[in-house]
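Hi everyone, thanks for coming. I'll walk you through one model today, so please keep the picture in view while I talk.

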Amino acid sequence: MTRIRELIRDMATPSWLPPVPYNFGDAAAGTLKADEWRTVTTVYIPIALISLWGGRAASHASQATANRLKMVLDHTMALVSAIILACMRTTAETRMTEYLNYLRTWVSELKIHHPDVEYRVNHHMAFHIYDFLRLFRPVRSWWCFPFERLIGQLQRLPHNHKHGMSIVFPMFG
Amino acid sequence: MTLSYLKAGQLKQWLGRQDCPAFLRECKVIFDKAFRKSSVNDCPTASAFGPVPEGLKHVICGTKVALRARHSVGDIVYSRCSTHVGNSLVAFYPGGNRSSPPIPGSIQHIAVYPNQDVVYLVKRQMPASPGLVDPYVDYPHFPARLYTNALSPDLDLVRPDWILSHYARWAIDNDHVVVLILSCVSRCLSSLDIF
């Protein structure tokens with residue numbers, strides 16, 4: 001977690017990349033939004049984990065520990081690769097197939113590397129993204145981020161808590 | 001209040017006229033910066049153009065050029081590194097040849113020619129030594145690679161349409177950086193400016 005925070009603090013990024021709280025992981029940082037999670041999982045976490053557990057790192061207590069962490073890293077990177085492939089601007093048969101293969105690998109090995117984790121509905125739903133990619137093509141055309149943003153703008157509009165009443169003439173509300 | 005509003009309107013109309021004196025047009029640039037959300041692509045005024053700096057003469061052809069801090073293409077803003085390091089990091093195709101792999105580099109200067117053509121002067125991120133083990137190559141779909149911390153001494157002239165995207169850079173140690181090529185989400189899709 002320290003390495004991830006170090007990256008969030010020190011990495012040079014363009015201004016369009018959604019900012020992530022410096023205290024990521026703390027209760028005080030609050031809940032991340034879906035777009036922020038995408039940034040964390042496709043930018044900060046993979047760079048941090050590979051720098052710690054990848055081939056370059058040689059600071060593990062034993063070779064067995066190094067091997068185990070490398071397997072956990074490979075498992076995590078299967079999910080990261082699946083997310084990157086699913087979010088690409090263009091899609092192709094090979095990319096869709098690779099997405100499915102990475103997702104199968106990640107889900108099938110989840111209990112091996114993380115025995116305490118329970119399967120959730122989201123794991124099943126992620127397989128349907130493959131079907132949607134085939135049906136509707138690149139995910140950026142049909143993902144829900146624009147609608148999430150619109151809902152956020154509507155929620156921030158001033159209102160008088162009275163359904164159907166105008167906020168322009170509150171004296172009539 | 002109405003009178004001051006009318007006077008401001010008349011001044012604005014006068015500044016927009018073709019026969020407006022040159023020194024008043026210079027004032028308009030300042031007014032625009034102060035009172036409206038100006039575009040970073042506004043044309044530089046005539047006084048902004050000057051002789052090509054000595055250190056750039058071997059890259060820039062022509063006699064006059066204006067240097068600016070940032071430039072936008074679509075909804076993406078590119079900056080020189082002294083203005084915003086993150087916005088200056090770009091992966092580009094040398095010579096516009098898209099069959100070659102993109103090269104990461106940092107924009108040092110943004111130059112505007114008198115005909116409004118814009119070029120970026122970029123220093124390349126130096127590749128890591130061949131003997132170095134790069135742990136990031138194990139993951140072909142994660143576009144991060146190791147480079148050295150240094151930038152090339154030479155400048156590349158890069159046109160805006162030769163750029164693939166921005167990249168993120170993190171110093172993994174004193175000598176090396178991790179370079180991750182990013183894919184931007186278009187703001188017209190990620191936000192709806194309807195209010």
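Predicted model: local features only at pLDDT ≥ 70, side-chain atom pairs only at ≥ 80, totals over all residues.

Residues are numbered from 1 along each chain as its sequence is written, and chains are lettered from A and ligands numbered from 1 in the order in which they are written.

How does chain B do as a chain? Its mean pLDDT is 80, and 86% of its residues reach 70 or more. Helices (H or I, at least four residues) and strands (E, at least two) are DSSP runs, numbered from the N terminus. For the complex, the predictor gives an ipTM of 0.75 and a pTM of 0.73.

Now, how many residues does each chain bring to the contact? Chain B brings 31 and chain A brings 29. On chain B's side, strand 10 of chain B gives the largest share, four residues. That side divides into 21 nonpolar, eight polar and two charged residues. Here Ala, Val, Leu, Ile, Met, Phe, Trp, Tyr, Cys and Pro count as nonpolar, Asp, Glu, Lys and Arg as charged, and the others, Gly among them, as polar.

Let's move to chain A. The axes of helix 1 (residues 2-10) and helix 2 (residues 34-53) of chain A come within 9 Å and cross at roughly 125°. Axes are lines fitted to C-alpha atoms, for helices over the stretch in contact, and angles run from 0 to 180 degrees between N-to-C directions. That makes helix 1 of chain A oblique to helix 2 of chain A; angles under 35 degrees count as roughly parallel, over 145 as roughly antiparallel, 65 to 115 as roughly perpendicular and the rest as oblique. Among the residues that meet there are A:L7 from helix 1 of chain A and A:A48 from helix 2 of chain A.

Finally, helix 2 and helix 3 (residues 63-86) of chain A have axes that come within 10 Å and cross at roughly 160°, so these two helices are roughly antiparallel to each other.

Technical notes:
Contact = placed C-beta atoms within 7 Å. pLDDT = per-residue confidence, 0-100.
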